[in-house]
Amino acid sequence: MTHDLQLRPFRSPADEGWAEAMTIYREAFPRRERRDDATQAAALADPAFRAEGIWLNDKIAGLVFYWEHPEFHYIEHLALSPAMRARNIGSEVLETFCRNRRVILEIEPPEDTLTVRRLRFYERAGFVANPHSYIHPSYGEPAEPHRLVLMSSPKALGDDEVRVFADFVRERVMGYSQLKTPPTQPRLRQAKAPK
């Protein structure tokens, strides 16, 4: 099924749909994996950061927050409102977003039914789990570094690409966090890919 989806950029917290998108964001991600409202609004001013609302029939259905780097696009957050899930909307957004792009995102390790389903969803969308042990810092205090799985499309990442990505996240992306001390993560090392 194809939907009449639109991705519309947010340039300011005053934009139509921003408040609804931030509600989806807060409900979809645990506190350690998201910014507070003020820091998220500050990130909007960074020329490498993009925040887009996913619209269906002129109603906000979700969001995609991503970063542009010369070598890749990093999907930092992708979420749909609960009422819009299980309708192939996420698949359509990813298909459009990933076309002719090198894309990286992170997911929780596949350790339960929900996280295994999330892994399979991204694999069906053409993403590959990468064999690196990847530790991501939390966005706020208390600092809670956590393990994530790096996923990439259209193919696996080389070691140098992973280092460039980790440096970008640590030096640019995490500049918009509520941490009192600059993060030393992401850190990574070779490991087995998830099954």
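Colleague: How many salt bridges does the count come to?

Modeller: The count is 14 salt bridges, each being a side-chain nitrogen of Lys or Arg within 4 Å of a carboxyl oxygen of Asp or Glu. This is a predicted model, where local features need pLDDT of at least 70, side-chain atom pairs count only at pLDDT 80 or more, and totals for chains, interfaces and linings use all residues. Residues are numbered from 1 along each chain as its sequence is written, and side-chain values use heavy atoms, leaving out hydrogens and water.

Colleague: With which residue does Arg 118 form a salt bridge?

Modeller: Its partner is Glu 108, with the closest N and O atoms 3.0 Å apart. Arg 118 lies in helix H4 (residues 113-124) and Glu 108 in the loop between strand S5 (103-107) and H4, so the pair ties together parts ten residues apart in sequence. Helices (H or I, at least four residues) and strands (E, at least two) are DSSP runs, numbered from the N terminus.

Colleague: Is Asp 58 buried or exposed?

Modeller: Asp 58 is exposed, at 60% relative accessible area; exposed means over 50%, buried under 20% and partly exposed in between (1.4 Å probe, protein chains only).

Colleague: And which residues of H5 are buried?

Modeller: Val 162, Phe 165, Ala 166, Phe 168 and Val 169 are buried. Seen down the axis of H5, they fall within an arc of 160°, so they line one face of the helix; the arc is that of the directions from the helix axis to the C-beta atoms. On the other side of H5, Asp 160 and Glu 171 are exposed.
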